[in-house]
Amino acid sequence: MPMSIRDSILVPIATAMLALACSLAAWAQSVSVQVSSQTAYVDEPVRVGVTIENARDFEGPFIGEVDGLEIRRLPGEQNFSSTTRINGRITEKVTVGIGYEIIPKRAGTFVVPAFTIQHEGKELATKPFRLEVTVSEVGDLMRATVRCNPSTIYVGQAGTLALEIAVKRYRDDRLGITLDEASLWSLVNDDASTWGMFGPALQKLRSENRRPRGEIRMIDDVEYVVYTIERPFDPIAAGPPAIGDVRVRMEYPLRLTRGNDVFFENRVSLAESRPVSVRPLLDDVTVLAPPEGGRPASWNGAVGRFKLDVAAKPVDVAVGDPITLTIRITDTSGTAGLEGLQAPTLADQRTFDEGFRVSKEAAAGVVEGRAKIFTQSIRATSDAVTTIPPIEFSFFDPSAGEYRTARSEPLPLRVRPSSVARANIDGADEPDSAAPSAVASPVAGGLVANFSLAEIARERVLAPLDLAIAIVPPLALLVWLAAGPALLRSLSRGDAAKRRIREARSALERSLESDGSSEARERTLLAYLAARVHADGAGFSRGDAIDRLRAAGFAGDDVARCERLLRELERARYGGAAPDPGAIRELVDQLDRTTTVAGGAR
Amino acid sequence: MRRPATTFAVLTALGIAVLAIQFLLPLIAWSGRGKIDAGAFDRAEASYAAGLAMRAERPDDARAKFLESASQFESLLATSDAAGIHFNRANALLEAGRTSEAIAAYLAAERRLPGDASIEANLAEARSRVVRVTDRPEPGILERTQRLWSPIGPATRTIVAALLLWGAALGAALGLRRAVVPLAALGLGLAATCAVDALSAGESTAAVVAREAVLRKGNGEGFEPVLAEPLPAGTECRVIEARPGWIEVRCSAKVIGWLREDAVIQVR
């Protein structure tokens with residue numbers, strides 16, 4: 001249907017206004033707030049989202065403090081952007097989402113003030129909202145306790161801390177269903193809970209697709225499912241253990257319902273629930289410091305019950321030679337913290353004062369099962385030493401409540417006098433005991449200093465190419481000088497032989513082409529054959545030629561043909577028929593084509 | 001036609017001229033290769049010195065400094081493969097408590113500068129910090145043979161070998177046949193030692209266990225362990241064979257087994 005003139009004017013104007021309105025809406029800055037719930041329980045966090053639209057560079061959000069509410073910003077922010085094209089006009093919308101958590105600290109009605117932002121000198125604000133807070137009546141629905149095994153533990157001892165979460169078993173009488181332990185655990189709100197020092201243990205369970213084990217236990221005649229999360233405990237200070245911020249939150253069921261899910265399977269689901277949260281109580285966990293009374297001077301923090309084994313290697317040494325002691329400290333109590341266990345300090349043990357030089361540095365140790373192994377070097381300073389004295393290791397035995405000392409067995413040792421000459425300052429034969437010793441006393445251990453840049457620069461790094469470049473030229477020259485003259489001579493000889501054959505062949509051709517006598521033809525053929533087998537031409541007879549051709553490896557037919565031709569030429573001298581020159585050429589061509597042992601050069 | 005004697009004289013003269021120029025190439029090559037960035041070297045040294053200064057009072061900070069120094073020395077290896085850089089890096093690693101990596105770096109330095117007293121002393125110190133559950137593997141025949149000539153560095157041997165061969169060539173040119181054979185034999189012998197070193201340089205079989213690892217009877221976690229205890233970090237061994245993800249090693253004459261590839265540092 002054709003448009004009227006009025007329509008043809010109004011439609012474009014309306015379209016333009018609509019596009020303008022859309023673009024203005026797209027570019028309008030705004031800030032809004034979304035609240036997960038306007039009712040909350042004390043200590044239950046309420047999630048709040050602040051959304052800022054179309055304000056790229058803003059300051060804030062800001063919010064004033066509210067007595068009774070703890071408002072904290074959650075880490076991170078979410079950014080969204082979208083681009084719209086209307087009638088060729090591109091508009092972009094930018095949205096920033098920032099999360100907050102409001103934790104009521106007491107019951108009451110609160111007004112949460114506006115969140116404000118500053119954008120290009122203007123202040124934008126959300127609307128304030130109300131929050132009704134009541135006390136969560138957890139009652140006996142859930143309780144949490146932290147227990148320690150052993151319950152009394154000493155600093156330096158190793159134990160186990162267990163977070164026990166007891167959830168009252170839920171039974172829906174209407175449906176006749178009692179939730180099992182897996183279903184109850186699924187209602188624990190992982191995200192809203194904080195796990196303190198038990199976080200890593202729980203994380204490990206999750207990574208293995210497991211959950212804390214739950215067992216049914218009667219507490220005050222009520223049936224509970226008790227979930228236990230354990231972690232090793234190695235206290236470093238006396239007093240109550242610092243378990244961190246632990247708060248367990250869950251949706252405790254109030255009513256279940258039965259219905260079909262999207263796959264039309266009949267399922268039981270949660271119809272109504274209430275959030276409950278608890279902080280765990282420390283159940284008589286005592287971390288004690290080992291008593292100061294009766295503490296041996298050599299005690300260095302070991303707590304537990306230990307066995308000490310020492311091995312020495314080598315045991316036949318010269319004065320000053322290093323002897324490696326391997327000290328194995330085995331925990332027989334099963335409760336000692338081995339990671340922090342330190343080696344006995346030999347330098348502080350009087351038995352090592354005389355006859356041994358001992359490093360004052362603590363030996364490094366390696367944990368192996370329930371034992372820790374230390375290695376330490378000592379050096380005998382006198383050949384009078386015959387044993388490595390017992391090593392003492394003091395520890396606090398928590399089961400007996402007193403300090404004890406373990407001693408190793410003395411180890412036999414043979415020390416030979418040192419071969420190092422003792423320099424006497426006075427030059428006298430006998431050392432003067434009053435004079436200071438001039439014998440250097442090496443200190444075991446320690447590192448030699450780094451290489452300097454100059455030292456490294458002097459260091460030549462050899463690559464295979466360097467070797468080739470350095471060695472090949474003189475080697476090649478040497479080979480050339482040694483073998484060159486002989487090679488040249490050989491080449492020269494080869495050239496002369498070839499030349500001689502060519503010349504003999506030419507002479508033979510000339511005699512065959514001219515009406516030369518049979519004698520001339522015989523002579524030139526023999527000269528050719530002599531050149532061919534590198535023989536002296538003077539006195540070279542038919543017999544010589546046949547012998548040398550055979551020796552040179554020419555074919556038997558060729559040799560026989562040669563002998564027949566030579567005989568015919570010989571007879572022709574005395575009036576016989578001369579052989580056909582073509583037959584002689586054919587023979588010579590055949591001999592030229594043949595490569596033999598002696599006649600390689602043609 | 002040119003006489004053979006003339007040809008020989010001309011070729012010899014030409015050869016001497018060309019080869020004499022080539023003789024200078026090694027020196028040119030050595031002087032131009034492996035330049036170390038002095039600034040980067042000084043920074044690595046400064047980090048090491050700072051670590052030493054704070055070692056007693058602030059061990060954690062000192063450790064960080066030593067690791068920084070080790071990293072800086074490692075970056076210098078991109079331009080120079082000198083034993084000294086490996087050695088300095090090893091010192092920093094050892095001070096930082098990374099004993100296994102330090103031993104591997106000391107072994108790398110020892111391969112490049114055999115018989116150096118500083119390297120041997122610090123390698124011994126590093127080894128003293130490792131608990132060995134097996135004997136150390138015996139060196140192979142090639143390694144034992146190489147130790148015979150290792151006190152003289154390969155560069156020195158190469159230069160001496162070249163000089164001896166030039167001397168033999170001169171003797172041959174002058175007709176001093178009695179001198180040629182011993183000079184040539186000695187020169188070729190020295191050159192052969194260098195060739196053996198150069199050819200075996202890329203075929204190190206030394207390795208160090210990087211972290212405590214179970215030595216197994218086959219190349220998989222399903223195989224039984226060879227030893228009841230895991231091999232401690234820092235245990236030195238020799239690589240026999242490599243298969244994807246696993247390496248067969250010899251820890252001593254009788255202890256042979258497989259370790260995960262990521263548990264072993266191969267000495268390069």
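Predicted model: local features only at pLDDT ≥ 70, side-chain atom pairs only at ≥ 80, totals over all residues.
Reader: Hello! Which conventions and pLDDT limits apply here?

Author: Residues are numbered from 1 along each chain as its sequence is written, while chains are lettered from A and ligands numbered from 1 in the order in which they are written.

Reader: How much area do chain A and chain B bury between them?

Author: The size of an interface is often given as the accessible area lost when the parts come together. Here that buried area is taken with a 1.4 Å probe and summed over both parts. Carbon and sulfur atoms carry 75% of the total, which is about 4,300 Å².

Reader: How many residues does each chain bring to that contact, and how many salt bridges does the rule find across the interface?

Author: Contact means heavy atoms within 4.5 Å, and it takes 37 residues from chain A and 59 residues from chain B. A salt bridge needs a side-chain nitrogen of Lys or Arg within 4 Å of a carboxyl oxygen of Asp or Glu. Across the interface of chain A and chain B, the number found is zero.

Reader: What is the orientation of α5(B) and α6(B) to each other?

Author: Helices here are DSSP runs (H or I, at least four residues), numbered from the N terminus, and strands are E runs of at least two. Axes are lines fitted to C-alpha atoms, for helices over the stretch in contact, with angles from 0 to 180 degrees between N-to-C directions. Helix α5 (residues 83–95) and helix α6 (residues 99–112) of chain B have axes 8 Å apart and an angle of about 165 degrees. Angles under 35 degrees count as roughly parallel, over 145 as roughly antiparallel, 65 to 115 as roughly perpendicular and the rest as oblique, so α5(B) and α6(B) are roughly antiparallel.

Reader: Which classes of residue make up the contact of α5(B) with α6(B)?

Author: On the α5(B) side the residues include Phe87(B) and Leu94(B), and those they meet in α6(B) include Ala105(B) and Tyr106(B). Ala, Val, Leu, Ile, Met, Phe, Trp, Tyr, Cys and Pro count as nonpolar, Asp, Glu, Lys and Arg as charged, and the others, Gly among them, as polar. By class, the contact of α5(B) with α6(B) has 10 nonpolar, three polar and three charged residues.

Reader: And how are α8(B) and α10(B) oriented to each other?

Author: Helix α8 (residues 141–149) and helix α10 (residues 177–200) of chain B have axes that come within 11 Å and cross at roughly 135 degrees. That angle therefore makes α8(B) and α10(B) oblique.

Reader: What is the phi of Asp220(A)?

Author: Asp220(A) sits in the loop between β18 (213–219) and β19 (222–233) of chain A. Its phi is positive, in a residue other than glycine, and lies near 50 degrees.

Terms used:
Heavy atoms only, no water. Buried area = accessible area lost by both parts, 1.4 Å probe.
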